[in-house]
Amino acid sequence: MYITPINNSVKFSAQKPIKNRKYNTEPQKEDMISKKKVSGMVIATALAAATLGGVVVHHRASKAEEDLMKIFDTERKSLKKAINDAYNHPSYSENRALKEQVKNLTSDNEVLNKTNKALRKTIEETKAKFTDIFEGDLAPKDVREKILERLRKTINEGDYGYDITTPPITGKKGPSLPIAGEIPLPTHVGTTNRAGMLDLHIPQIGIDGRFSLELPMGEAKISTMESKNFRPKKGEIGISEEYSESVKWNSDKVARDIMQNFYDGHGQTLDGVKMAFTPTGNGKYKVRIDGKSTYTPDKAVILGASGKRGNKNSAGGYGEGLKMSVIKLLKDYGSNNVKVASDNWQSVFNLEKSDLCDERLLSYSLDKVEKFNGNFIEFETDSMELLQSLRKTVNRFYHSNNPDFKCPDFENGLMGIKVLPEGEKGGVYIAGQKFEFDGDFDGLEGVTIFIKPNLNKISVLDQSRDRISLNRSNLDSIARWLARNDDMSANDKAKLLKSLDRYWDEKNWNQKGPMDSFVDSFLGFIDQKDVTKRLHIRFPEKYVAYSNATDDVVRDLKMNGYKVCKPQFSNIGMPTIRDIMGDARAHDVVIPNDTQKKKILILKEALRKLSPSLKDKHFTADELDAHIYMFDRTSSRDSRLHSNALAEAIVDRGVSKGFWIDQGYLDRASFNDVLETALHELSHKAGGDESAEFSYKLTDVNRDAIGQLLDDIKSRNEIQALASLWSSL
């Protein structure tokens, strides 16, 4: 729909084809401007300005003329610059096509200047013709009276011929046809993955600090390394006690990195790991954690040595986690030493004064031991908080009895998601390890998500050594990665979306939680790299994507069983509110009074009188039998958006369905102005005010209407009589 501004000064809709033209001095024939085209554009502009609306020139014609002259001046300068650029082109002397272009541009400039000079005269002559048509006394008195009487009777006894209270619905689509590659929305998602999982009973820590837990072997895939021959030695790792102050690890993070090595050594599970706390009698607790994998001593005592670097599903890869955990145990958690052992070696870590500096450094003593299968870490601590963190950390990693992984709603090779009961909180696992979300390991409302690859190693996230808390932005990054991932099939994407249908509803920004944003990001980036492979889903009948609509419309849809979803769903096949409802009515209908009704009927009769020149060539018979609806631009609803609107076209897929007209404008404007407005709005079937198509359509409509009135005395007398009836009201 298009708006006619309240300011009745001339709108130069045809200026855009001229003003926006780019003159290219390169010798390309298709970019040249012919004299014929320039002349056509100029004449179209002149006609659009001078013969607006069929039989009327708008107010403030002098301003219109000034504006039009500015357009010509701008065009003239552009042509002049194009000529100069072409003359100065390096290949000008050798290029015949370029010389021809300069010649054409020069000629076009001359045509433009001549048209410019003639324009004022054209406008004045056109205005004079209009004066003759509407103000001249062209019919004898008796003929004029007969015409008036006949038309007065037609208007007094006439009717609209349509329901004045019910404007047409526009923009409504018919049922969509299936497209290639379209898939139905899954009716049910949910998996039975790990359905036989038994809940692992993790005992509470005893009052005296005693605790024992051994996880069943389950899915453990034990990694081993060939034994290394070495000489016992002592050394410094080079991490200072002061440096440990810069590492802000609480007990949860220390526990996490201790357990990480057992998790990776068992094939990304804690299955088979054993943990025990024993009170020592001196106010401390002995902690021993055993695993079944083996590794060589360099991985323990050399910073940068690790057996995990090539594994995209493991954390770390440089051995930092173990060293930092050890130094935090020694510095902050009451440990005098930390013992780490595997295979045929044992290393005891402590903090010792170095002769290289005044600080204590992390030091080790590496010795041979009797060969055994497995590895362990052993230390004493006085921190009950650390013991509680170690206990809780068991369920912060994947193992075959972790309930977070039981029967997820969706799972494939990249990820899984489990939707929780309303109000329950879940979390985010990456590479089998649970991350904090907004500072809480159970900080994600409503779902648990587990991502199988380590996203740090594939540049999706950058969590650094400390693996800081995730936030909404990180979750959005994960959604975008999944949406664009070639390993996510169309069916996988449809199932993932279906599992999250709780988060489909369109919401205000301040109501959106992290998972709402996740779905937004996922929808926004689905198959963005290749639109030919874009996901397309056939949704059930009453699923509709939000498009611009009032709260009343949305509420009515929901009351009638519709699920109103995020607007991005329209990108993957869901119809919009506009598709099923059409455009929401632009205005509230005002019922015309008797005088306003007669004016509308006079206007409709005038359009019928112009049918000989306009029907079929420009408009259908139905379009000329215009449906006119009245609104009030000063009303509380319309004053916010339409306070400057005098009229607004109703167009549906290139067909005019009538137009709206403001009641104040209808009451005060002359017949000439309102008839101009009617032709203007009907011409919008070709495009908007700024489009060249509309400008040319309006120009042609005006020209043909003027021609009919000048050439056909009967039409002229009838239009003149209608103008007289209008004035009498």
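Buried means under 20% relative accessible area, exposed means over 50%, and partly exposed lies in between, with a 1.4 Å probe and protein chains only. By that scale Cys407 is partly exposed, with a relative accessible area of 28%. This is a predicted model, in which local features need pLDDT of at least 70, side-chain atom pairs count only at pLDDT 80 or more, and totals for chains, interfaces and linings use all residues. Residues are numbered from 1 along each chain as its sequence is written, and side-chain values use heavy atoms, with hydrogens and water left out.

**Overall make-up**

- The protein has 23 helices and 23 strands. Helices (H or I, at least four residues) and strands (E, at least two) are DSSP runs, numbered from the N terminus.
- Of the 729 residues in the protein, 52% are buried.
- Take the contacts between residues at least 6 apart in sequence: 74% of them join residues at least 24 apart. Contact means heavy atoms within 4.5 Å.

**The eight-strand sheet**

- Eight strands form an open sheet in the order β3-β5-β6-β10-β7-β8-β9-β4, and the pairing is antiparallel. Two strands pair if DSSP finds at least two bridges between them.
- The edges are β3 (211-214) and β4 (233-240). Each has a single partner strand, so one side of each is left without a neighbour in the sheet.
- From one strand to the next, the twist averages 20°. Axes are lines fitted to C-alpha atoms, for helices over the stretch in contact, and angles run from 0 to 180 degrees between N-to-C directions.
- Strands β8 (residues 345-353) and β9 (residues 360-368) run antiparallel and are joined by nine bridges. Ser347 has Leu366 in β9 as its bridge partner.
- Helix α10 (residues 384-393) lies across β3, β5 (274-279), β6 (285-291) and β10 (375-381). The helix runs at about 25° to β6.

**The nonpolar core and a buried serine**

- The largest nonpolar core has 54 residues. Such a core is a set of buried Ala, Val, Leu, Ile, Met, Phe, Trp, Tyr and Cys residues joined through side-chain atoms within 4.5 Å.
- Ile258, Ile289, Val338, Phe349, Phe379 and Leu390 have the most contacts inside this core.
- Leaving out residues up to four places away in sequence, Leu390 touches Ala255, Ile258, Met275, Phe277, Val287, Ile289 and Phe379.
- Ser325 sits in helix α9 (residues 320-332). At 2% relative accessibility, Ser325 counts as buried.
- Ser325 touches Trp249, Val254, Asp257 and Ile258, again not counting residues up to four places away in sequence.

**The five-strand sheet**

- A second open sheet has five strands in the order β11-β12-β17-β14-β15, with mixed pairing.
- Here β11 (410-411) and β15 (433-435) stand at the edges. Each has a single partner strand, so one side of each lacks a neighbour in the sheet.
- A hairpin of three linking residues joins β11 to β12. The two strands run antiparallel, with two bridges between β11 and β12 (residues 415-419).
- Phe410 stands opposite Ile417 in β12, and Glu411 stands opposite Gly416.
- On to β17: five bridges join β12 to this strand, and the two run antiparallel. Gly416 stands opposite Phe450 in β17.
- Four of the five residues of β12 are buried.

**Helix α11**

- Helix α11 (residues 472-484) has 13 residues, which should span 18 Å at 1.5 Å a residue. Its end C-alpha atoms are 19 Å apart, which agrees. The expected span is 1.5 Å times one less than the number of residues.
- Asn471 caps the N-terminal end of α11, with a side-chain oxygen 3.1 Å from the backbone nitrogen of Ser473.
- The buried residues of α11 include Leu475, Ile478, Trp481 and Leu482.
- The buried residues of this helix pack against β12, β14 (428-430), β16 (444-445), β17 (447-451), α12 (490-499) and α13 (514-524).

**Positive phi in two loops**

- Most residues other than glycine have a negative phi.
- Cys407 has a positive phi of about 50° although it is not a glycine. Cys407 lies in the loop between α10 and β11.
- Asp616, also not a glycine, has a positive phi near 75°. Asp616 lies in the loop between α17 (611-614) and α18 (621-624).
- At 62% relative accessibility, Asp616 counts as exposed.

Terms used. Polar contact = N/O pair within 3.5 Å; in protein donor to acceptor, adjacent residues only side chain to side chain.
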